[in-house]
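Here is a short report on one protein model.

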Amino acid sequence: MLNEAGFSRIFVSVISVFLVAVIRSPYRILAVYFFCRPLVQPSINLGNSYWGGIPLSSVLTGALFISFIILIARKDIKFTFSLGTLNLHFLLIIWLAIVNPYNIISISGISTMLKLFTGLLCALVAYNSISNKDDMIKVAKLLVISSIIPVCFGLYQKISGTGHAWQENQYSGLRIDSLFGRYNEFGIYLCLMICVLLIVILNEKKTKLKLFWVGLLLLQGLCLIYSLNRGSWICLSVSILGTSILYFKKIKFVYLIGPVIIVAIFFSGQISERFDMLDQKDEYGHSLDTASGRINYWKYVISVAVKKPITGWGIGSASIVMEKYYNTEVPPHNDYVKMFLEGGVISASIYIAMLLLTAMRNFFIFKKYNIWKFNFPVCIASFYFLGISCSQNIYTNVILFPLALVIFASNIKLNSLCRL
């Protein structure tokens, strides 16, 4: 009888063959990847792998790379490798390979480099799939449609009280994590998808379809509330508020005030309770204030990182190094600190510069070109990602990091076309 691991292997095989042998359109490659990749995550969380012990994610990355090569070889597609501010991602990968070449041939090093490479591939495919506004809308719709299953499963978890049950901790049944297995990751996914969905809603001309997209937006917002992610709530709210000030002549503030009123009426108690937990302790006497705990942990991580400030300890080595020095494999929950630990100060600087320049680019182009319905949501996404990276580990996630880069790369290409 076919068990769960066997089914996962067959499913990944089918996806990989489909990517390589069937799909020839850039945006459809993205659609298949982002639709299928979350479906594989539960099996990965359970420790299942491909035949020969190969990670399931690596198989999908390999299929994505072959599809990418096929796209480059096609004569009917003019392929470019320029990604604007995201070109720094090329530099980051090259520098990480040069500064610590022995580490990247380790299992953890290869795994992390493949994850960074996956983000780059998705960004390049997205960039080269855009030739006009309609293409950008098409990519956005495909991404949004791919979020329907994770959103529906998240709502099922809330109704059935099974969210995060596999962890068997104090949040079991209280917080939802959908297919991701981690509620923080699900929250980040929802925030990015909300930004993509705003692109679709703002550009939708058919009333019935717009109502459908708005309904999906409400469901995504509901899942975001039930995932109980304080960091995502704060970062997304600040990003929306700040970006709305820039675009105050374009947007109707009633559309911002309305959701705030709805949340205040129906969910203020739940949100307030989540923030009240900052002063509480669990059954073992440990504080539930994760923010202060993380800040203290960052200090420990930085004290280790400064031992090798230029080269770092090697990409993918964070858990190994922290196990050695502090007897814990817990990641630092800060992408900038983690990159400093693994790649040194230069790698961290490149990574920060890439995200910061992308966000500032979106900040300064708000008055340019008549495409505010695209720039407004992407500006929200860029500042949200810049902020949430201070409290989460994202660049090693092969769903969230590629998704963010696809959003940024698509919009960079669309704005570059408007200059012509």
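The sections below start with the basis of the model and then turn to its local features.

## Basis and confidence

This is a predicted model: local features need pLDDT of at least 70, side-chain atom pairs count only at pLDDT 80 or more, and totals for chains, interfaces and linings use all residues. Residues are numbered from 1 along each chain as its sequence is written, and side-chain values use heavy atoms, with hydrogens and water left out.

pLDDT is the predictor's confidence in each residue, from 0 to 100. Its mean over the protein chain is 86. Of the residues, 87% reach 70 or more. Residues 282-286 stay under 50. For that stretch the model has 3 contacts (heavy atoms within 4.5 Å) beyond four places in sequence. Where pLDDT is low, the predicted coordinates should not be read in detail.

## Helix α2

Helices here are DSSP runs of H or I, at least four residues, numbered from the N terminus. Helix α2 covers residues 26-45, 20 residues. The expected span is 1.5 Å times one less than the number of residues.

A kink of about 30 degrees lies at Arg37, shortly before Pro38. The bend is the angle between axes fitted to the seven residues ending at a residue and the seven starting there. Of the 20 residues in α2, 14 are buried (under 20% relative accessible area; exposed is over 50%, partly exposed in between; 1.4 Å probe, protein chains only). Gly47 follows the helix, with a positive phi near 90 degrees.

## Aromatic pairs

The structure holds 21 aromatic pairs. Rings of Phe, Tyr and Trp (its six-membered ring) pair if their centres lie within 6.5 Å; planes under 30 degrees apart are stacked, over 60 edge-to-face, the rest tilted. Phe212 and Trp213 have ring centres 5.1 Å apart and planes at 65 degrees, so the pair is edge-to-face. Phe212 is partly exposed at 43% relative accessibility, whereas Trp213 is buried at 4%.

Trp313 and Tyr325 are also edge-to-face, at 5.6 Å and 70 degrees. Trp313 lies in the loop between α12 and α13, and Tyr325 in α13, so the pair ties together parts 12 residues apart in sequence. Trp313 is buried at 15%; Tyr325 is partly exposed at 33%. Elsewhere, ring pairs link Tyr336, Tyr351, Tyr395 and Phe401 into a cluster.

## Charges over rings

A charge sits over a ring if NZ of Lys or CZ of Arg is within 6 Å of the ring centre and within 35 degrees of the ring normal. Lys308 sits over Trp313, 4.3 Å from the ring centre. Arg175 sits over Tyr183, at 3.4 Å.

How values were computed
Helix = DSSP H or I, 4+ residues; strand = E, 2+ residues; numbered from the N terminus.
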